[in-house]
Amino acid sequence: MKFKTRLLITSIAVVLVPFLLTIIAFIVVGSHVEDAGKEIGLLDRQNLAIAYTIENYSRMTEEVLEEVKEQIEREPLKLEDTDYLGAISGELNSKFSYIIVRKGDEIYYTGNDTAARRIFSVLPEYGNELPDSETGLYYNDMKKLVKQLDFRFADDSDGSFFIVTSVRTLISRSALKEMLFALILVLCITSMVLTWWMQKGLFTPINQLNTAMQNIAEGNLEYMLTTQEKGEIGELYRNYEDMRLRLKESTDEKFEHERKNRELVSNISHDLKTPITSIKGYVEGIMDGVADTPEKMNKYIRTIYDKANDMDRLINELTTYSGIDTNRIPYTFRRINVADYFGDCVEEVGLDLESKHIELNYDALVEPSTQIIADPEQLKRVINNIISNSVKYMNKEKGVIDIRILDELDSIRVEIEDNGMGIAAKDLPNIFERFYRTDASRNSSKGGSGIGLSIVKKIIEDHGGYIWATSKENEGTCMHFVIRKYQAPQD
C-alpha cells in the first residue's frame, strides 16, 4: 500500500473511527440507562434516558429527608429553626440540591430563592405526597426531582419540606463522566490500532531495510529481502534487491577480473621465461665458443632473433590488452583497397610461414576496386594473431593455411583456415573470451597468454564487424570475420 494511501486512511480513521465508536458508546450507555430506568419504574417511556441518574441522586437526598423526618419526630418545631434549615441547605449544595420550606401558601425558607420562586407554584399541595416511597417523589416538566415531607407549624398551619434537585445538572454531570470515559477509551483503542497498523506497514519494513543495508555495508551480499507488498515499500524492497544483485555481480566480476589479471601475469611471466631462457642458453653457447662455425653462429643468432620476436609479440599483446581493458585502443581509420592490402599482408607473413614449412594460399574473390574503412595497423594485428594461433597449434607435417576474401554484397568476409589440430565443440563458443584456453596444460607448453583472440574480437567489433569460428578436431579451424564495404557518397 502506498504511503499516501496509508496516510489518507489514517487521517480518515482518526476522525471517523472515534466518531463511530463514540456513537456506539452512546447507544450502549443509553441502552443501559433505559434498562435501569425500566427496572426502577420511576419515569414514563419518554423520560427513561435519565432514570438511572435520578435513582442515584434520589438515594442521596433520601438520607437527608430521613434525618429531617426523625428530627421532626423528636422536635416537631425544629423546621422553624432557620439555622437548622441553613445547615441542611449547606449539606445539599454538594448534591446539586436545595430546600424549600413552605408555610401555607408562602415560602418560609429556601436555600436558593431564585430557583425556588420558579418552581414554587407547581409544587405538590399539602397532603399530596406520592405513594412511590415513604417520603414521596415528584418529577415535573421543569426537569426537577422533588421530595416532599409534610408537617405542622407551631401555630397549626400547614407546612411542607421540599428537597429540589436539578435533573439537568445530574444528567450533565453523570453522563459527562461516563461519556468522557467512553471517549477516552475509544481514543486509546483507535490510537493503539492505528499505531500497530503503522508499525506493521511502515516501521517494521524500514527496520528490515536498515538491517539489510547494514549487511551490505558489512559486505554480506547474500542477505535477501522479498515481499509481496506494493507501493513504496514494495518498490524499496525491489530496489534493494536490484542493488544487491548488481553489487554482487559487480563484486563477482571484480574478483574474476583480478583472478584473470593474476593468471595473465602468470602466463606472461611463463611465456617470457621460455624465450629468455633460450636466449641465455644460445648466448652462453656463443660466449663459450660452441658456435665455432659460421653455420652454427648463424643458427644461434637466428634463434636468438626469433625468441626476441616472441618476447616482443608477448609485450605487444600485453600492451594491447591494457588498451582493451581501458577501452583506449588507438585507431587511425582510413579507406584501404581490400585486394592490395590483403595481398601485402599475405606477402609479408608468407616469408615467415615458408621458413616454418607451412604452405600459404591466398584468393581474393572481390572486385579490384573494393574498399573498406579500417585501421591498417590494427587489422594487420588481427591477421597476425589468427595466423600465429594457426601456426602454434599446427600438428601436421605439411601445414596449410588458406586466406580467402569473399564478396558479401555490402560487406566482405575474410576466411583464414588451417589444417591444424582443431578445437573441440565444447570450447568453440568460448575461444574469444579473455584468458580462455582450450587446454591449459597443452597451451602452457605452446606458450600464449590466452588474450590473442579476445584482442581480435575487440578490434573487429570496433570496426563495426563481427567474427566467429568453425572447427573440427584433428581437421582444422576456420576463422571468419565480416567488415562492411565503403560506399562512396552519391551526388
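**Note on the predicted model**

1. At a relative accessibility of 4%, Phe153 counts as buried, a class that takes in residues under 20% relative accessible area, with exposed meaning over 50% and partly exposed the range in between (1.4 Å probe, protein chains only). Phe151 is also buried, with a relative accessible area of 5%.

2. Basis of the values. This is a predicted model, in which local features need pLDDT of at least 70 and side-chain atom pairs count only at pLDDT 80 or more, while totals for chains, interfaces and linings use all residues. Residues are numbered from 1 along each chain as its sequence is written, and side-chain values rest on heavy atoms, with hydrogens and water left out.

3. Overall make-up. The protein chain comes to eleven helices and twelve strands; these are DSSP runs, helices being H or I with at least four residues and strands E with at least two, numbered from the N terminus. Of the 491 residues in the chain, 40% are buried. Among contacts with a separation of 6 or more, 63% are between residues 24 or more positions apart, a contact being heavy atoms within 4.5 Å.

4. Aromatic pairs. There are six aromatic pairs in the structure. One of them joins Phe151 and Phe153, which are tilted, at 4.9 Å centre to centre and 50° between the planes. Tyr341 and Phe342 form an edge-to-face pair, at 5.4 Å centre to centre with 85° between the planes. Rings of Phe, Tyr and Trp (its six-membered ring) pair if their centres lie within 6.5 Å; planes under 30 degrees apart are called stacked, over 60 edge-to-face, and the rest tilted. Phe151 and Phe153 also belong to one aromatic cluster with Tyr108. Both Tyr341 and Phe342 are buried.

5. Helices α8 and α9. Helix α8 (residues 338-355) packs with helix α9 (residues 376-392) at an angle of about 35°, and the axes are 11 Å apart. The axes are lines fitted to C-alpha atoms, for helices over the stretch in contact, and angles run from 0 to 180 degrees between N-to-C directions. From α8, the residues Tyr341, Phe342, Cys345, Glu348, Val349 and Leu353 meet Pro376, Leu379, Lys380, Ile383, Asn384, Ile387 and Val391 of α9. By class, this contact holds ten nonpolar, one polar and two charged residues; Ala, Val, Leu, Ile, Met, Phe, Trp, Tyr, Cys and Pro are taken as nonpolar, Asp, Glu, Lys and Arg as charged, and the others, Gly among them, as polar.

6. Cysteines. A disulfide is a covalent bond between the sulfur atoms of two cysteines. A search of the whole structure finds zero disulfides, where the criterion is a pair of cysteine sulfur atoms within 2.5 Å. Cys345 is buried, with a relative accessible area of 6%. Cys478 is likewise buried, at 5%.

7. Positive phi. Most residues other than glycine have a negative phi. Leu409 has a positive value, near 65°. It lies in the loop between β9 (399-408) and β10 (411-418) and is exposed, with a relative accessible area of 77%. Asn474 also has a positive phi near 65°. Its place is the loop between β11 (466-472) and β12 (476-484), where Asn474 is exposed at 55% relative accessible area.

8. Helix α11. In α11 (residues 452-462), eight of the eleven residues are buried, so the helix is largely enclosed by the rest of the structure. The buried residues are Gly452, Leu453, Ser454, Ile455, Val456, Lys458, Ile459 and Ile460. Gly464 follows α11 and has a positive phi, near 85°.

9. Pro368. This residue is in the loop between β7 (358-365) and β8 (371-374). Pro368 is exposed, with a relative accessible area of 60%. Its C-alpha atom is separated by 6.0 Å from that of Ala339, 29 residues apart along the chain.

10. Glu91. Helix α3 (residues 82-93) contains Glu91, which is partly exposed, with a relative accessible area of 34%. Leaving aside neighbours within four places in sequence, Glu91 is in contact with Val64 and Glu67. Glu91 and Val64 are 27 residues apart in sequence and 8.6 Å apart in space, C-alpha to C-alpha.
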